[in-house]
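The structure comes first, then the notes.

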Amino acid sequence: MLEILFAFLIGIISGVLAGLIPGIHPNLISSIIVIYTASLTTIFSPLSLAIFIITLAITNTFVNFIPSIYLGAPDDDNFLSTLPGHQMLKKGKAHEAAVLTLYGSLIALVIILIFIPIFIYVLPTVFQKTKIILPFILIFISLYIIFRESKILLGITIFLLSGFLGFAALNLPVKEPLLPLLTGLFGTSSLIVSLKDKVKIPKQKISKLKEIKVEKKDILKAASASIISAPLCSFLPGIGAGHAAVIGSETIEQSQKGFLILLGIINTAVEGLSFITLFAISRARSGASVAIKEILKSLTIQNLIIVAATIIIAGVLASIITLYLSKLSAKYISKIKYNKHSIITIAIISIATLLISNPLGFLVLITATSLGIFAILSNSRRINLMGCLLIPTILFYLF
């Protein structure tokens, strides 16, 4: 028990650090654990290592909205949050934005519990009947995204360009290619465009929880949209939290607050359900679940119960930590000049890319940033940039 408790606490700490530091992703840490599994299992049990990874991944889904909202430095799970989050930052409501994503992540814990028996008993049959047509489902999703664009030709162009860039990045010798790819498309591009606006960050209001009003219909719409999209995206290859958010928001229209709640739900639900998917069909859909598959050779019901309990407990503790971190960020962020803050963030992302993804990854970052800027200045829906993940996945399954 002491060993498991230690693994859990280290997982919480690591999840917080991974959530706050741009470029440090749970997938990266999980990959390191897998590489050194043989050595680590002489000290820790496989179950303790699995608990560490699950706690790390779930904690990260709560905390990683802090740099996205306050710094405009998203990771590959929550890059769509930069736009509404930054809009509220400029209105002095960044803490409220963070709390809304927090509400969503807490709702996700309930959704995960509800879907555990459904995934275990239904998913194996569904997966067997749909795996042959998986690439065509992805093509349908791609076309749906494109034809929701008012400027269809522009949407197709950006979708294809981002798809080509994504295919190149994923096939080049770049470590952690999603770091420069998605950060450039959705993070640094927004920061660079914002430099010309000379925006000053207003003093942030640190509202008490009871003062943050959310209409019931926004919560119900967000929850309903996530129930439609999150389970689907937890087992479809190449479809992550960002795609699930788009599908959910397009299926059921969301207000700004509702969209932030939806992002919180999906970010945590997709990660949590990816672990359940592993037990249901023995398929890993995230870097963390891949690591669990490598470490836990036997996926038993007892292990599933421990995994579910770890997800819930980690989520509750992560919510408390995230709330504190958001208050701390809101207190000090207005003291930083926006342009200086943007330049510092771009510098941190650039250094992280060079250290983690090498110089070739830095080239991917520059190219992705340029394409992201083009999408912003041409007033194209930035959803079209998600071709960077969809097209490579479609090509993989077709050829």
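## Ser105

Ser105 lies in helix H7, which spans residues 94-130; helices are DSSP runs of H or I with at least four residues, numbered from the N terminus. The model is predicted: local features need pLDDT of at least 70 and side-chain atom pairs count only at pLDDT 80 or more, while totals for chains, interfaces and linings use all residues. Residues are numbered from 1 along each chain as its sequence is written, and side-chain values use heavy atoms, with hydrogens and water left out.

Ser105 counts as buried because its relative accessibility is 1%, buried being under 20% relative accessible area with a 1.4 Å probe and protein chains only. Its side chain reaches the backbone oxygen of Gly264 at 3.2 Å. Leaving aside residues up to four places away in sequence, Ser105 touches Thr61, Phe62, Gly264, Ile265 and Thr268, where contact means heavy atoms within 4.5 Å.

## Helices H1 and H15

The axes of H1 (residues 2-20) and H15 (residues 301-333) come within 11 Å and cross at roughly 45 degrees. Axes here are lines fitted to C-alpha atoms over the stretch in contact, with angles from 0 to 180 degrees between N-to-C directions.

Phe8, Ile12, Val16 and Leu20 of H1 meet Thr310, Ile313, Ala314, Leu317, Ile321 and Leu325 of H15. These residues divide into 9 nonpolar, 1 polar and no charged; Ala, Val, Leu, Ile, Met, Phe, Trp, Tyr, Cys and Pro count as nonpolar, Asp, Glu, Lys and Arg as charged, and the others, Gly among them, as polar.

## Thr130

Thr130 also belongs to H7 and is buried, with a relative accessible area of 18%. Thr130 and Leu236 are 106 residues apart in sequence, with a C-alpha to C-alpha distance of 9.6 Å.

Technical notes: Helix = DSSP H or I, 4+ residues; strand = E, 2+ residues; numbered from the N terminus. Buried < 20%, exposed > 50% of the residue type's maximum accessible area, 1.4 Å probe, protein only. Polar contact = N/O pair within 3.5 Å; in protein donor to acceptor, adjacent residues only side chain to side chain.
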